[in-house]
Amino acid sequence: MIAADARLRMSTLFRMQFEPAQDSWVLLYPEGMVRLNTPAAEILRRCDGRRTVSDIVTELEAEFAQAPLHDDVVVFLGQALERGWLQ
C-alpha cells in the first residue's frame with residue numbers, strides 16, 4: 001500500500017508529453033511509447049515529487065467533481081511503480 005504522504009515522481013527513464021497526432025498523453029522511453037488514457041495521464045501529470053498522494057487525490061476529486069477516488073488512484077500508482085514509471 002502506498003502511504004498518503006508519499007511524494008512520487010516520474011522515473012528518469014520515462015518522459016511524459018502530449019502527442020497531438022494521437023490526441024493523447026504518452027510516456028516515452030528508450031524502447032518505445034505507452035499511450036495513456038485520460039485518468040492515467042491526469043494522475044501521472046501530478047506526480048512531480050512535491051505533491052503527496054493525498055494532494056493528488058484531493059485535486060482530482062475537486063477538478064472532476066467525483067469522489068471517492070483514493071482507492072482507484074492508489075491502485076494505479078501501485079501499478080505505475082511496478083512498471084517503473086514512478087519512483
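At roughly what angle do the axes of helix α2 (residues 53–64) and helix α3 (residues 70–82) cross, and within what distance do they come?

A: The model under discussion is a predicted one. Two packed helices are described by the angle between their axes and the distance between the axes. In this model, the axes of helix α2 and helix α3 cross at roughly 125° and come within 10 Å. The two helices are therefore oblique to each other, and the crossing in which α2 passes α3 is right-handed.

The residues that form this contact can be named on each side. Helix α2 contributes Val53, Ile56, Val57, Leu60 and Glu61, while helix α3 contributes His70, Val73, Val74 and Leu77. Sorted by class, the contact of α2 with α3 consists of seven nonpolar residues, one polar residue and one charged residue.

Val57 lies in helix α2. Val57 counts as buried because its relative accessibility is 6%, and the cut-off for that term is under 20%. When neighbours within four places in sequence are set aside, Val57 is in contact with Leu69, His70 and Val73. Val57 and Leu69 are 12 residues apart in sequence, yet their C-alpha atoms are 6.3 Å apart in space.

In soluble globular proteins, nonpolar side chains tend to be buried together. The largest nonpolar core of this model has 25 residues, and among those with the most contacts inside it are Val53, Val73 and Leu77. Helices α1 (38–45), α2 and α3 each supply at least two residues of this core. The largest share, five residues, comes from α3.

Finally, the connection between the two helices may be examined. Ala65 is located in the loop between α2 and α3. Ala65 has a positive phi of about 45°, although it is not a glycine. With a relative accessibility of 71%, Ala65 counts as exposed. Pro68 is also placed in the loop between α2 and α3. The peptide bond that joins Ala67 and Pro68 is cis, with omega about -5°.

Notes: Residues are numbered from 1 along each chain as its sequence is written. This is a predicted model: local features need pLDDT of at least 70, side-chain atom pairs count only at pLDDT 80 or more; totals for chains, interfaces and linings use all residues. Side-chain values use heavy atoms; hydrogens and water are left out. Axes are lines fitted to C-alpha atoms, for helices over the stretch in contact, and angles run from 0 to 180 degrees between N-to-C directions. Helices (H or I, at least four residues) and strands (E, at least two) are DSSP runs, numbered from the N terminus. Angles under 35 degrees count as roughly parallel, over 145 as roughly antiparallel, 65 to 115 as roughly perpendicular and the rest as oblique. A crossing is left-handed if the near helix is turned anticlockwise from the far one by less than a right angle, and right-handed if clockwise. Contact means heavy atoms within 4.5 Å. Ala, Val, Leu, Ile, Met, Phe, Trp, Tyr, Cys and Pro count as nonpolar, Asp, Glu, Lys and Arg as charged, and the others, Gly among them, as polar. A nonpolar core is a set of buried Ala, Val, Leu, Ile, Met, Phe, Trp, Tyr and Cys residues joined through side-chain atoms within 4.5 Å. Buried means under 20% relative accessible area, exposed over 50%, partly exposed in between (1.4 Å probe, protein chains only).
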